[in-house]
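Please work through the exercises below with the sequence and the coordinates open side by side. Each task is followed by a solution that goes step by step.

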Number of protein chains: 2
Amino acid sequence: MDNRFDKVIDEIRKNKNFLVSSHVNPEGDAVGSALAMGLGLKELGKSAKVFLHDNVPEVFKFLPGAEDVVHNIGNNEIFDITIVVDCGQMDRLGENFKKAKGHGKIINIDHHATNDAFGHINVITPDASAAGEMVYDLLNEMDVKITKDIAVNIYAAVMTDTGSFRYSGTTPHSLEVAAEMLRLGVNPWDISQRVYESYPAKRFKLLGMVLNTLELTQDNKIAMLVVTLDMLKKTDADKEIADGFVNYARSISGVEVGILFREAKPGEYKISFRSRGNVDVAEVGLIFGGGGHKNAAGCNVKGALEEVKNKILSATMEKIGKDSRIQGF
Amino acid sequence: MDNRFDKVIDEIRKNKNFLVSSHVNPEGDAVGSALAMGLGLKELGKSAKVFLHDNVPEVFKFLPGAEDVVHNIGNNEIFDITIVVDCGQMDRLGENFKKAKGHGKIINIDHHATNDAFGHINVITPDASAAGEMVYDLLNEMDVKITKDIAVNIYAAVMTDTGSFRYSGTTPHSLEVAAEMLRLGVNPWDISQRVYESYPAKRFKLLGMVLNTLELTQDNKIAMLVVTLDMLKKTDADKEIADGFVNYARSISGVEVGILFREAKPGEYKISFRSRGNVDVAEVGLIFGGGGHKNAAGCNVKGALEEVKNKILSATMEKIGKDSRIQGF
């Protein structure tokens with residue numbers, strides 16, 4: 001018996017007008033779990049509106065229900081209940097959410113352990129790989145008919161938040177939920193093509209330039225890439241795209257730490273680290289006033305490129321010397 | 001009841017000495033399913049040797065049992081049974097298999113619809129996403145204890161043959177088998193890191209050069225990349241690595257066909273096509289004496305680069321005009 005949702009189910013049953021929301025800058029899990037929740041409420045005969053402060057990213061616009069997402073809430077709109085999914089803190093719902101008055105009771109459904117339990121009712125399941133997985137569990141518990149439209153949203157949510165079922169947070173249950181969504185008609189190739197193979201061309205133009213800077217050092221344990229302001233200007237690509245390229249540096253055989261140096265402004269670099277296994281790059285970031293997680297961290301350092309590289313390299317090398325116990329990569 | 005394996009189980013039960021094999025140039029499913037089969041037989045108290053004509057690729061050497069794979073079979077070695085997995089034709093087992101005499105009865109377990117049923121007993125399940133999935137079903141049916149070592153092999157087999165659960169051949173059962181493997185202790189992040197993030201550095205050096213040739217045309221429906229002999233020489237990278245880059249061309253938003261032109265020798269190009277949805281590039285390949293599948297095809301064309309590009313482009317454009325009904329990419 002899954003009784004996490006007992007209070008939630010009680011509130012859903014006795015109310016009629018629902019608002020569903022998730023965090024600013026929504027990614028696959030935010031969009032997919034919010035849309036699945038909204039469509040599920042409609043299956044129950046409820047009125048449900050999905051609010052997201054920011055636009056649905058281009059790659060997720062195919063998700064069923066995305067066309068009905070609103071970005072403003074009227075002053076006189078009154079809801080019985082607001083269900084918030086995949087959002088750790090109230091203020092991450094955005095300005096336009098804050099301004100509204102008629103939220104009603106707030107139900108907070110999330111899988112982030114750092115969630116501050118801002119709702120009137122809170123269901124926080126850090127073991128869930130995605131909020132979409134929790135929405136599935138809730139709808140399932142209520143015997144809601146999971147339509148193909150709902151299934152596509154849940155599948156997209158779980159697929160994106162597990163990095164195509166690769167991240168360590170992927171559980172047997174994540175895979176079983178995905179299996180059930182396929183049974184309901186989801187085409188995994190169609191969804192992964194839309195999500196993972198719809199890059200802007202300028203991403204690859206920038207990547208070409210950035211890969212030309214690839215440098216391996218310290219016995220090939222460290223791989224470095226550089227992004228200059230000039231490259232971003234020439235390709236008209238977003239800096240967020242560039243920051244993601246650090247994963248290419250880590251994905252080289254034998255490399256324990258991948259580092260990307262992106263020129264943030266003349267004389268200042270934003271540095272991104274990705275490590276494997278035991279090497280804790282958050283501690284390297286911390287030395288330079290940054291931070292992050294064990295295997296993914298960052299910091300900003302002022303100076304000329306060579307100078308910045310030398311500082312970062314020597315701190316990283318020292319850390320690898322302490323932490324590295326990796327075999328077989 | 002899964003009774004596909006009844007005859008196989010009967011033979012396994014009454015025999016003692018087994019050889020297990022798979023195809024030349026083995027990939028993840030070949031290696032993983034053969035090793036899982038071998039380890040499973042050992043769990044049953046049988047003697048089992050795994051033979052692969054070619055070396056286990058570097059990225060799969062971590063798979064449990066890989067260190068015991070043999071590449072030769074002695075003239076006087078006699079087996080009761082040879083179990084062949086993931087191999088459509090007998091001659092794809094390689095020269096060293098053919099030369100041996102003591103194979104015994106041949107059991108052929110495969111998921112390729114094109115398998116020519118070369119065994120004394122044949123179990124061919126085209127619906128299975130991977131041979132590894134079938135080996136799991138067989139071991140499960142025999143109540144073999146699936147050790148963590150077996151689970152790692154089965155997970156790697158299914159993960160690689162479904163492209164990390166993305167290809168259209170991925171079924172609910174594929175995902176359920178993967179879920180069960182996680183339950184038995186498989187770490188999905190560890191395995192995907194080892195398999196997907198262990199590229200040689202020269203791959204990225206070559207990719208940088210190749211991406212610099214990116215060209216979009218025909219309303220951005222076609223993306224083209226070029227690999228020259230000079231690039232391969234400068235980076236010392238394998239041509240097979242280069243051929244895989246065609247996927248980057250297809251992965252651009254709006255692109256319906258990605259084309260890679262690789263200089264095979266001076267004045268001759270090997271062309272790879274990847275399409276989305278309805279556009280059948282096998283028919284384009286066929287025009288130039290090549291072929292393939294609907295969404296992945298190739299051919300060789302002689303001539304100077306611009307001349308070859310023009311021929312291929314006009315044939316591709318014509319095909320897109322006929323086939324394209326894609327919305328939303």
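The exercises that follow concern a predicted model, and they go from the relation of the chains to a sheet and then to a single residue.

**Exercise 1. Describe the side of chain B that touches chain A by its number of residues, its helices and its residue classes.**

Solution. The count comes to 41 residues of chain B in contact with 41 residues of chain A. Turning to the helices, at least two residues of this side of chain B are supplied by each of H6 (172-183), H7 (188-196), H8 (201-211) and H11 (246-250) of chain B. H6(B) gives the most, with seven residues. Sorted by class, this side of chain B has 21 nonpolar, 13 polar and seven charged residues.

**Exercise 2. Work out the strand order of the five-stranded open sheet in chain B, and say which helices lie across its strands.**

Solution. The order in chain B is E2-E1-E3-E4-E5, with parallel pairing. At the edges are strand E2 (47-51) and strand E5 (121-124) of chain B, each of which pairs on one side only. Neighbouring strands of this sheet are turned against each other by 15° on average, direction ignored.

Next, follow one pair in detail. Strand E1 (residues 17-21) of chain B pairs with E2(B) in the parallel sense over five bridges; among the bridge partners in E2(B), B:Ala48 belongs to B:Phe18, and B:Lys49 to B:Leu19. Four of the five residues of E1(B) are buried, and this strand is mostly covered.

Helix H2 (residues 28-43) of chain B lies across E1, E2 and E3 of chain B and runs at about 170° to E2(B). Helix H1 (residues 6-14) of chain B lies across strand E3 (81-85), strand E4 (105-110) and E5 of chain B, and its direction makes about 130° with E5(B).

**Exercise 3. Locate A:Leu216 in its strand, and decide whether A:Leu216 counts as buried or partly exposed.**

Solution. Chain A is divided into domain 1 (6-196) and domain 2 (202-323), whose centres, taken over C-alpha atoms, are separated by 34 Å. A:Leu216 is found in strand E6 (residues 215-217) of chain A. A residue is buried if 20 or more other C-beta atoms lie within 10 Å of its own and exposed if 12 or fewer do. A:Leu216 has 16 C-beta neighbours inside 10 Å and therefore counts as partly exposed. Leaving aside neighbours within four places in sequence, A:Leu216 is in contact with A:Ala223 and B:Ala201.

Definitions and conventions
Residues numbered from 1 in each chain as written. Chains lettered and ligands numbered in written order. Predicted model: local features only at pLDDT ≥ 70, side-chain atom pairs only at ≥ 80, totals over all residues. Contact = placed C-beta atoms within 7 Å. Nonpolar A, V, L, I, M, F, W, Y, C, P; charged D, E, K, R; others polar. Domains from an automatic or database assignment. Pairing = 2+ DSSP bridges. Axes fitted to C-alpha atoms, helices over the stretch in contact; angles between N-to-C directions.
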